[in-house]
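Here's a protein chain to explore together. Take a look at the sequence and the 3D picture, then read on for a guided tour.

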Amino acid sequence: MVDKQVLETAKEHFGKVLEGQLERVENLKAEGDWTDYGAISPVVIGVLGGDGIGPTITEEAKNVLEYLLREQVDSGKVEFRTIDGLTIENRAEKLQAIPDDVLEEIRKCHVTLKGPTHTPEKGDGWPNIESANVAMRKALDLFANVRPVRIPKEKIDWIIFRENTEDMYAVGSQGINVTPDLAMDFRVITSQGSRRILQLAFDHARRTGKTKVTVVTKANVVKTTDGKFLDIAREVAEDYPDITWDGWYIDIMTAKLLDLERRHEFQVIALPNLYGDILSDEAGQIQGGVGTAGSANIGKQYGMFEAIHGSAPRMVREGRDIYADPSSVMRAGAMMLEHIGYSDLGSRLHKALDVCGQYERKVVMTGRSTGATGREFGEYVMATVQEADLESRWEQYSLT
Ligand code: IPM
Ligand code: MG
């Protein structure tokens, strides 16, 4: 016998979730234009250290960004601003994913460089508040999570466009235990949300001379939401007759990334949030570890740049935090430079990271005392970025 009261409570809960999402769709329809960073002075870069290994790796990235942008800082075109308080201790005390005053400071910056933050999980000792990443992505409408993975030796040059505000993440903290035995979460996919990420992926392909976009879903099983994502992909693709596209299912896609013969054929990959979360960790691992991969979380108004990985509490517990690889946040920093209009500086930093992490490897990190510390690696990158012949060395390496 179905308990009527249980049913009513669940329906009411679902009604509230629906109301919130219907309102969100209306807001999506009224979206503004992209920020023109060239027209802003100073462009304010907020730096948030985060938790665990966050503060140490973010510091290394900040050092090199401050070096690269020294002229812009001197002339008042760029300003760095440190924002405190996005720590698990403060978030737990305020019982907020992002405390109000911290969010207010973040909104005063045009872009932020963010260290990983601890994401509580039921039973881990912290209050089970929403992830700070997820909250920030939603609050600032950072709808695109762009994650490049490059392995020049293998001719791999992937760029993942992960939708960043919908899917299982949209209302991931608003699921319901209908009865002690029945738990339900809700998955959200909208036309507007799908269209903007797919357009960004196709635009990127066109702008960078790529020829193919791969759209990843599980639309054969998850028919309604993934079905919509794929339908919108078909529509968007019509506006890009110069770009070919194909659809893959997430399961075979994860397998294909391990196919040494074919994987270099993928170019631009566009997919809903959770599949993108998983596939980008796999891709990062293939590149040399998630510690080597950075990401851009971008929306029309704001941008947030961070590692693709978490705060590594295990490394901290085992006293290995000084061995954490700062490349991920440095890569994110390079993407930030490109995003705010300093493509040359961004490209320089990417090249220095290629030289240090993939080609020359004079300082090698292992994540433990058998390898270099993050500080040593940071110094290596800083020295490399300053070398006059960096460009030609990088080119030589990339030819061999
Ligand atoms: C990422 C992370 C986050 C996510 C976590 C920390 C909430 O895994 O940026 O990929 O799931 O998006
Ligand atoms: Mg992840």
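This is a predicted model: local features need pLDDT of at least 70, side-chain atom pairs count only at pLDDT 80 or more; totals for chains, interfaces and linings use all residues.

## Getting started

F14 is partly exposed, with a relative accessible area of 38%. Together with L18 and L22, F14 makes a nonpolar surface patch of about 290 Å².

## The overall picture

Now zoom out. The chain has 15 helices and twelve strands. Its radius of gyration is 21 Å, close to the 21 Å that the globule rule gives for 400 residues, so the chain is as compact as a globular protein of that length. If you follow the C-alpha trace along its principal axes, it spans about 75 × 50 × 45 Å.

How much of the chain is buried? Buried residues come to 52% of the 400.

## Charged pairs

Side chains of opposite charge can pair when their charged atoms come close. Searching the whole structure turns up 33 salt bridges. One of them joins E31 and K300, with the closest N and O atoms 3.0 Å apart. This pair links distant parts of the chain: E31 is in the loop between α1 and β1 (43-48), while K300 is in the loop between β11 (294-298) and β12 (303-307), 269 residues apart. E31 is partly exposed, at 26% relative accessible area. E31 and K300 also belong to a network of salt bridges that includes D141 and R196.

Next, look at K114 and E306, whose side chains meet in a salt bridge at 2.8 Å, N to O. K114 lies in strand β3 (residues 111-114) and E306 in strand β12, so this pair ties together parts that are 192 residues apart in sequence. Are these two partners buried or exposed? Both K114 and E306 are buried.

E360 is in the loop between α13 (343-359) and α14 (374-386), and R393 is in helix α15 (residues 390-399), so the pair ties together parts that are 33 residues apart in sequence. Why does R393 count as buried? Its relative accessibility is 15%, and buried means under 20%.

## Inside the core

Let's finish with the nonpolar interior. The largest nonpolar core has 69 residues, and F161, L198, F305 and L349 touch the most other members. Pick out L349 and see what surrounds it. Leaving aside neighbours within four places in sequence, L349 is in contact with residues including V64, L65, L68, M330, L337 and V385.

Then look at helix α13. Of its 17 residues, 13 are buried, so α13 is largely enclosed by the rest of the structure. Just after α13 comes R361, which takes a positive phi of about 50 degrees.

Notes. Residues are numbered from 1 along each chain as its sequence is written. Chains are lettered from A and ligands numbered from 1 in the order in which they are written. Side-chain values use heavy atoms; hydrogens and water are left out. Patches are made of residues with over 30% relative accessible area and no salt bridge: like charges are joined within 9 Å, nonpolar side chains (Val, Leu, Ile, Met, Phe, Trp, Tyr) within 5 Å. Accessible areas come from the Shrake-Rupley method with a 1.4 Å probe; for residues, only the protein chains shown count as cover. A salt bridge is a side-chain nitrogen of Lys or Arg within 4 Å of a carboxyl oxygen of Asp or Glu. Buried means under 20% relative accessible area, exposed over 50%, partly exposed in between (1.4 Å probe, protein chains only). Helices (H or I, at least four residues) and strands (E, at least two) are DSSP runs, numbered from the N terminus. The radius of gyration is taken over C-alpha atoms; the globule rule is 2.2 Å times the number of residues to the power 0.38. A nonpolar core is a set of buried Ala, Val, Leu, Ile, Met, Phe, Trp, Tyr and Cys residues joined through side-chain atoms within 4.5 Å. Contact means heavy atoms within 4.5 Å.
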